[in-house]
Amino acid sequence: MAQYFNEPSRTFSEYLLVPGYTGPDCIPANVDLSTPLVKFKKGEEPELKLNIPMTSAIMQSVSGVKLAVALAQEGGISFIFGSQTAENEAAMVARVKATKAGFVPSDSNVRPDQTLADIVFLKEKTGHSTVAVTEDGTPEGRLLGIVTSRDYRVSRMDPATKVATFMTPVEKLICAREGVSLAEANDILWDNKLNQLPVLAEDGRLLYFVFRKDYDAHKSNPMELLDSKKRYIVGAGINTRDYETRVPLLVEAGVDVLCIDSSEGYTAWQQRTLDWIHQNYPGVRVGAGNVVDAEGFRFLADAGADFIKVGIGGGSICITRETKGIGRGQATAVIEVAEARNKYFEETGVYIPICSDGGIVYDYHMALALAMGADFLMLGRYFSRFDESPTDKLLVNGTYVKEYWGEGSNRARNWQRYDLGGDKKLSFEEGVDSYVPYAGPLSDGVRQSLAKVRSTMCNVGALTIKELQDKAKLTLVSATSIVEGGAHDVILKNK
């Protein structure tokens, strides 16, 4: 006979937090939103932590290079989407890792016999205005000069103009030699009012650039998430089919953490994937999921997952519940899995962070998910709205929007995410193709959302996420009280 749950599964909108005592030091400026990303033993520190409890979803329409950098600058992490070739995904990871190394390998390079048209193409492709001119056109070739936007005017020059005729030659550049420290390089930049400083080997080969903007960016982004080499932390999605090919390339590219991207994680395929990674790359951290109950959590915990994602069918573009009748209300799923996580910690002394994936509609849902036990959140629609997401901004019916589609849609055709060991194809859609309202720069949106979370935490009397989970008092709300909580019985002037 089928098993029945007596209580209905619930969403975040069915709960509110009841205020607790707010002490004089409990102000938003004192709130610490850092949180563990991967599992750790009692009494130890996690190998990877987030400075804010936000990660971006493993989706084509969300997690590209620009968004990965922007989110890392705010203290979160992106998981580069895996529904592309392993080579392309690894290249994207490598670009993120090269963006903030202090010493940055050049990703825009030409030969002196190439043309202005090649320079314009490179700028459009990489988004970088500094192009290195090397003898052979490679990042490590002998430096002959550089081209910046100040060296040419597209409107006044023939696209066929040779680079050699308008580049700034190396003889006129201030360069540093191999072995220079980052502090010394920054001093050279500031003392000489430079925007970029080439670092050369003794034989004149280009090794790196040091950019003034990186110094400025660090000062304006004190929460940025960096590795030991001052490079941005970045994750990548993998599937349960080609991991033997994909994982080695991602590791070589410098990925910091992996995550199995699947609509349902309680499967033999996820266990096999985790086993293979642990056997062949024992130092690599990998999350798994998604699950919605204690049984699913325990399965992935025993299989060795470093964090576990919670949620099935709660995403704004996900129609898994409609098409297959599979899933659970996100609030109920997070509550039960958090209880299982705590029980596992008591039994084993190993704490496995859980990630709430889906179901976030309003900013206050973030605070609720954290209070219910989530260590961090994975967000798709939320991040797809920003400038840095990889989709186009369009004007539709007088309103700016950005494109947003699910990995189970015909557009993405990410059949691996829904793989149950059958044919290599998407048999039916589990996601839709849509628009979301354009929301400007990521930094503005994230900072405003987290300001609300910090304020809510202070209302509860909590200065850390752990304290929020310990002190939170949650109450179910009726349909009528939900109406009561918004503007009502007034005529709004503007909306």
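1. Secondary structure. The protein chain of this predicted model has 15 helices and 24 strands.

2. Overall dimensions. The C-alpha trace of the protein chain spans about 80 × 55 × 55 Å along its principal axes. Its radius of gyration is 25 Å. A compact globule of 495 residues would come near 23 Å, so the two values agree.

3. Burial and surface. Of the 495 residues, 52% count as buried. The protein chain exposes about 23600 Å². Carbon and sulfur atoms supply 50% of that area.

4. Contact range. Take contacts between residues at least 6 apart in sequence: 64% of them join residues at least 24 apart.

5. Helix 7, geometry. Helix 7 covers residues 268–280, which makes 13 residues. From first C-alpha to last, helix 7 reaches 18 Å. That is close to the 18 Å expected at 1.5 Å a residue.

6. Which residues of helix 7 are buried? They are Q270, T273, L274, W276 and I277. These residues sit on the same side of helix 7, because they cover an arc of only 160° around the axis. R272 and Q279 lie on the other side of helix 7 and are exposed. Exposed here means over 50% relative accessible area, and buried means under 20%.

7. Helix 7, packing partners. What do the buried residues of helix 7 pack against? Two of the elements are helices: helix 6 (243–253) and helix 8 (294–303). The others are strand 14 (235–238), strand 15 (257–260) and strand 16 (286–291).

How values were computed
Residues numbered from 1 in each chain as written. Predicted model: local features only at pLDDT ≥ 70, side-chain atom pairs only at ≥ 80, totals over all residues. Heavy atoms only, no water. Helix = DSSP H or I, 4+ residues; strand = E, 2+ residues; numbered from the N terminus. Expected span 1.5 Å × (residues − 1). Buried < 20%, exposed > 50% of the residue type's maximum accessible area, 1.4 Å probe, protein only. Arc of directions from axis to C-beta. Contact = heavy atoms within 4.5 Å. Rg over C-alpha atoms; globule rule 2.2 N^0.38 Å. Areas by Shrake-Rupley, 256 points an atom, 1.4 Å probe, with all protein chains shown as cover.
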